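Please look over the sequence and the model shown here before reading on.

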Amino acid sequence: MENRYLLSLDGGGVRELATVIFLAKFEKELGKPLHEQFDFFMGTSAGAITALALSVVKMSGADLVEFWSEKNLDRILEASLWDSQLGLMQTNPKYEGEGKKQVFTEYFGNLKLGDARGEVAVMSYDIEERKPLLLTSYNDSNISIVDAGIATSAAPIYFPTAKVGNRYLIDGGIVANNPVLHGYAEIKKLYPESNIKTLSVGTGLNKRALRGKASQKWGLFGWLMHDLFGLMLESSLDHEIAEEIIGKDYVRVNSPLGKINRRLDNNNKRNLENIRKMGESWWEEFGDSALNLMK
């Protein structure tokens with residue numbers, strides 16, 4: 001039976017830097033461009049941006065690290081609109097999104113989903129239809145990857161809802177921050193007779209305990225201050241199901257956050273350095289398994 005290869009990438013904001021640190025080391029040891037190794041790229045939010053950069057732009061691992069550099073993160077996370085002390089009571093998204101659009105346009109140009117080598121799918125959510133939406137190279141070939149990237153990373157509270165055609169889309173992380181099962185289902189549709197080897201890369205798990213008794217009195221702002229979205233995004237269920245379905249042909253790369261700040265937009269120097277170290281530690285722990293998967 002012929003092998004086909006799936007790369008699935010989680011959302012995680014600035015923590016995507018750990019993912020690309022791992023992928024750059026993986027590509028170097030593999031001795032083959034990642035866009036040539038994988039037949040299908042699946043991503044959510046920041047992971048979707050990397051999936052698009054690999055499959056459509058055909059970036060190298062080193063290019064990815066440069067793309068997710070401190071300079072570009074500063075541009076993507078342009079000056080916050082939350083300048084007063086109102087914080088969570090602000091009525092607007094935290095960022096306007098113009099800096100993100102400029103970075104995407106600079107690196108992605110006029111390329112469309114249909115320009116992908118292999119196939120790519122990115123997870124978004126249609127708020128009017130109230131359902132998940134995959135934007136794919138095979139069904140949505142004329143959508144620009146700038147628009148697809150803005151849509152899949154339009155995280156509520158952080159960025160405005162994206163308009164793509166007549167649809168209003170937000171970050172797919174609200175339904176599948178780890179999109180491995182969606183990716184597996186899609187590649188099996190395209191290659192039903194093939195054996196699917198799957199590499200899934202996360203962006204760190206927040207294992208900080210919350211105060212159970214205190215939580216009994218939390219309302220909306222209490223839960224938001226205690227990482228409500230993190231709790232929603234970091235379920236391990238998709239990983240556990242993937243292990244059962246795919247078995248030995250599945251490798252998951254992830255770890256607890258440790259010293260890394262849990263907030264998706266914390267791009268201070270110390271936090272980014274800790275994120276880089278997490279990516280390097282992943283290579284030490286999971287590098288051999290990832291390389292063996294490609295055999």
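**The interior of the model**

In the largest nonpolar core, which has 68 residues, the members that touch the most others are Phe 22, Phe 26 and Leu 199; a nonpolar core here is a set of buried Ala, Val, Leu, Ile, Met, Phe, Trp, Tyr and Cys residues joined through side-chain atoms within 4.5 Å. Helix α14 (residues 269-293) supplies the largest share of this core, 9 residues, where helices (H or I, at least four residues) and strands (E, at least two) are DSSP runs numbered from the N terminus. A second, separate core of 14 residues includes Ala 121, Met 123, Ala 242 and Ile 246.

The model is a predicted one, in which local features need pLDDT of at least 70 and side-chain atom pairs count only at pLDDT 80 or more, while totals for chains, interfaces and linings use all residues. Residues are numbered from 1 along each chain as its sequence is written, and side-chain values use heavy atoms, with hydrogens and water left out.

Phe 26 shows how parts of the chain come together: leaving aside neighbours within four places in sequence, Phe 26 is in contact (heavy atoms within 4.5 Å) with Leu 34, Phe 38, Leu 199, Trp 283, Ala 290, Leu 291 and Met 294. Trp 283, in turn, is placed in helix α14 and counts as buried because its relative accessibility is 14%, buried meaning under 20% relative accessible area, exposed over 50% and partly exposed in between, with a 1.4 Å probe and protein chains only. Not counting residues up to four places away in sequence, Trp 283 touches Phe 22, Lys 25, Phe 26, Glu 29 and Leu 291. From C-alpha to C-alpha, Trp 283 and Val 253 are 8.8 Å apart in space, although 30 residues separate them in sequence.

For the chain as a whole, 14 helices and 8 strands are found, and 53% of the 295 residues count as buried. Among the contacts in the chain with a separation of 6 or more, 74% are between residues 24 or more positions apart.

**How helices meet**

Two packed helices are described by the angle between their axes and the distance between the axes. The axes of helix α1 (residues 16-30) and helix α3 (residues 46-55) come within 9 Å and cross at roughly 35°; axes are lines fitted to C-alpha atoms, for helices over the stretch in contact, and angles run from 0 to 180 degrees between N-to-C directions. On the α1 side the contact involves Glu 16, Val 20 and Leu 23, which meet Ala 46, Gly 47, Thr 50 and Leu 54 in α3. These residues divide into 4 nonpolar, 2 polar and 1 charged, with Ala, Val, Leu, Ile, Met, Phe, Trp, Tyr, Cys and Pro counting as nonpolar, Asp, Glu, Lys and Arg as charged, and the others, Gly among them, as polar.

Helix α9 (residues 180-190) and helix α13 (residues 237-246) also pack at an angle of about 35°, with their axes 9 Å apart. Val 180, Leu 181 and Tyr 184 of α9 make this contact with Asp 238, Ile 241, Ala 242, Ile 245 and Ile 246 of α13, a set that divides into 7 nonpolar, no polar and 1 charged.

**Charged pairs**

Side chains of opposite charge can pair when their charged atoms come close. The structure holds 10 salt bridges, each being a side-chain nitrogen of Lys or Arg within 4 Å of a carboxyl oxygen of Asp or Glu.

In one of them, Arg 252 pairs with Asp 10, and the closest N and O atoms are 2.7 Å apart. Arg 252 lies in strand β8 (residues 250-253) and Asp 10 in the loop between β1 (3-9) and α1, so the pair ties together parts that are 242 residues apart in sequence. Arg 252 counts as buried at 14% relative accessibility, and Asp 10 counts as buried at 5%.

Another salt bridge joins Arg 276 and Glu 273, with the closest N and O atoms 3.4 Å apart. Because these residues are 3 apart in helix α14, about one helical turn separates Arg 276 from Glu 273. Arg 276 is partly exposed at 24% relative accessibility, and Glu 273 is partly exposed at 35%.

**A detail of the backbone**

Lys 58 has a positive phi of about 65° although it is not a glycine, and this residue lies in the loop between α3 and α4 (61-67).
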